[in-house]
Structure formats: structure tokens, C-alpha cells
Amino acid sequence: MFIPKPYRVEDRQKLIGFMKDYPFATIITDGGKLLATHLPFLVEAKQDEIKLISHLARANPQWQQMQELTEVLVIFQGPHAYISAAFYPTPLGVPTWNYAAVHAYGKPVLFQGADSPEVIQTLQKTIATYEPGYQTQFENMPAAYANRLRDELVAFEIRVTSLEGAFKLSQDKTIEVQQDIAQTLSGHDDSVIAQVGRLMKQNLSADKKGGTA
């Protein structure tokens with residue numbers, strides 16, 4: 001992705017944290033035809049290895065395409081907000097859009113079958129992450145029904161080979177303008193816009209600690 005230098009984020013831990021904070025992402029594949037599916041992901045990072053774990057319906061043809069590919073793209077999209085030119089102390093200012101996103105590239109590995117340990121583990125990890133209280137209900141399902149459910153999906157993991165992060169948070173403006181925008185956005189009634197304000201404040205705080213502000 002095209003990322004102007006002021007907006008590029010290369011801190012691995014920051015990118016991993018962002019993916020965990022905004023785990024509903026889009027997986028994109030190109031096997032002669034572009035396909036995209038929106039899915040919740042589990043993000044696992046151990047030492048130098050990052051895995052993105054999810055599953056999709058067997059009826060979705062994208063998994064067949066994934067079998068033939070050595071690289072796929074997963075896009076994690078964070079909050080975004082329109083930035084009015086009214087924030088700038090010059091008549092030459094133009095409106096823009098602030099946002100945060102992470103692109104993860106990696107090799108897909110697929111798992112299938114109702115009895116596949118990886119399929120079972122993927123479902124258990126997903127429940128443990130998003131709704132632990134559902135585990136008992138899930139375990140008490142009739143075996144035939146649970147087997148059918150598992151057989152109707154394909155689990156997979158993306159073994160990440162590279163990450164790209166773009167946090168476009170008005171870093172090309174003065175600190176005073178950034179602070180003004182951040183303060184205004186963080187108090188907005190729209191929770192998504194307010195999140196952009198909070199991200200801007202976090203970024204400003206990090207810059208001060210790093211001595212760049």
C-alpha cells in the first residue's frame with residue numbers, strides 16, 4: 001500500500017496490538033479473479049512468528065482459491081474520520097480523511113474435516129476469545145449436529161510474512177493543529193470518529209515520549 005513517510009508505522013508490537021483491537025478484517029485473494037471475505041480473526045504472535053487464524057464456510061469458493069496461492073492479503077481497518085479544512089489556520093488548507101489500517105501479507109494454510117484437530121482448536125480459540133460463556137453450550141451440542149457444523153467450514157491460518165501500517169493522523173500538521181483536531185474528534189457523538197481522536201492523542205503522547213514533538 002502507498003504510505004507517505006509521516007504516516008508509516010513500523011513498530012511490530014503496535015501493529016500487532018492494532019490487529020487485536022480491530023480483528024474484523026478482510027481477506028483478499030487473487031487466483032485469476034479477485035475475491036474478498038470479511039471475517040473475525042485471531043491474532044497470535046510468538047517470538048518472530050505471527051499467525052492470523054479464522055474460518056469460512058465451505059460453500060465460500062475463496063478457500064479453494066487459497067489452496068492454490070502462496071500469498072494472500074488481510075486488511076485490518078480501524079476508525080476513520082473526515083477532517084475539515086476549518087481546522088487549519090490558513091485559507092489554503094484542504095479537507096482530508098484520517099484513518100488507521102494494517103495490511104498483513106502471508107501464506108495460507110487450510111484445515112478441513114469434522115475431526116480435524118486444527119478445526120476443533122480454531123473453534124475453541126474463537127469461542128474463548130469472543131464469548132467464553134458459550135463454551136458449555138457448544139460442548140453440549142449433539143455430536144452429530146456438532147460434526148455437521150465443523151464439516152461445513154474450512155479453518156485456516158495465515159502465516160504472516162510482512163506487515164504494513166498506515167496511521168494517517170494529521171502528522172504533517174503542527175502539534176497545535178493535531179491537538180485541536182484530536183480534542184474535537186474525541187468529544188464527537190459518533191464513537192468511530194471519537195476513536196480517531198483518541199488514536200491521535202495516543203500518537204501525540206508517544207511522540208512526546210520519543211522526543212520528536
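**Salt bridges, pocket and cavity in the predicted model**

With a relative accessibility of 27%, K125 counts as partly exposed, where buried stands for a relative accessible area under 20%, exposed for one over 50%, and partly exposed for values in between, as calculated with a 1.4 Å probe on protein chains only. The model is a predicted one, in which local features require pLDDT of at least 70 and side-chain atom pairs are counted only at pLDDT 80 or more, although totals for chains, interfaces and linings use all residues. Residues are numbered from 1 along each chain as its sequence is written, and side-chain values rest on heavy atoms, with hydrogens and water left out.

Side chains of opposite charge can pair when their charged atoms come close. The structure contains 5 salt bridges, each defined by a side-chain nitrogen of Lys or Arg within 4 Å of a carboxyl oxygen of Asp or Glu. One of them joins the side chains of K125 and E44, with an N to O distance of 2.8 Å. Because K125 belongs to helix α3 (residues 117–130) and E44 to strand β4 (residues 42–46), this pair ties together parts that are 81 residues apart in sequence; helices (H or I, at least four residues) and strands (E, at least two) are DSSP runs numbered from the N terminus. E44, at 22% relative accessibility, is partly exposed.

In a further salt bridge, between K51 and E157, the closest N and O atoms are 3.6 Å apart. Here strand β5 (residues 49–57) carries K51 and strand β8 (residues 153–168) carries E157, so that parts 106 residues apart in sequence are tied together by the pair. E157 is buried, at 9% relative accessibility, and a network of salt bridges links K51, E157 and R159. The side chains of E152 and R148 also meet in a salt bridge, at 3.9 Å from N to O; E152 is partly exposed, with a relative accessible area of 43%, and R148 is partly exposed at 46% relative accessibility.

The largest pocket holds about 250 Å³ of space. It is lined by 13 residues, of which K14, D21, F167, L199 and Q202 are the closest to its centre. Two or more lining residues are contributed by each of α1 (12–21) and α7 (191–210), and α7 gives the most, with 6 residues. By class, the lining of this pocket divides into 6 nonpolar, 4 polar and 3 charged residues, with Ala, Val, Leu, Ile, Met, Phe, Trp, Tyr, Cys and Pro taken as nonpolar, Asp, Glu, Lys and Arg as charged, and the others, Gly among them, as polar.

On a 1 Å grid over the protein atoms alone, a cavity is a set of points where a 1.4 Å probe fits but cannot get out, a pocket is an open set with protein on both sides within 12 Å along at least five of seven lines, and lining residues have an atom within 4 Å of a point. Grid points are joined across faces, edges and corners, and a volume is the space filled by probe spheres set on the points. By this rule, 1 cavity of 30 Å³ or more is counted. The largest cavity, with a volume of about 30 Å³, is lined by P40, F41, L42, I53, S54, H55, T126 and Y130. Both β5 and α3 supply at least two residues of this lining, and β5 has the largest share, 3 residues. The cavity lining comprises 5 nonpolar and 3 polar residues, with no charged residues.

Within the loop between β8 and α6 (175–186) lies S170, which is buried at 3% relative accessibility. When residues up to four places away in sequence are not counted, S170 touches N98, Q178, I181 and M200, contact being defined by heavy atoms within 4.5 Å.
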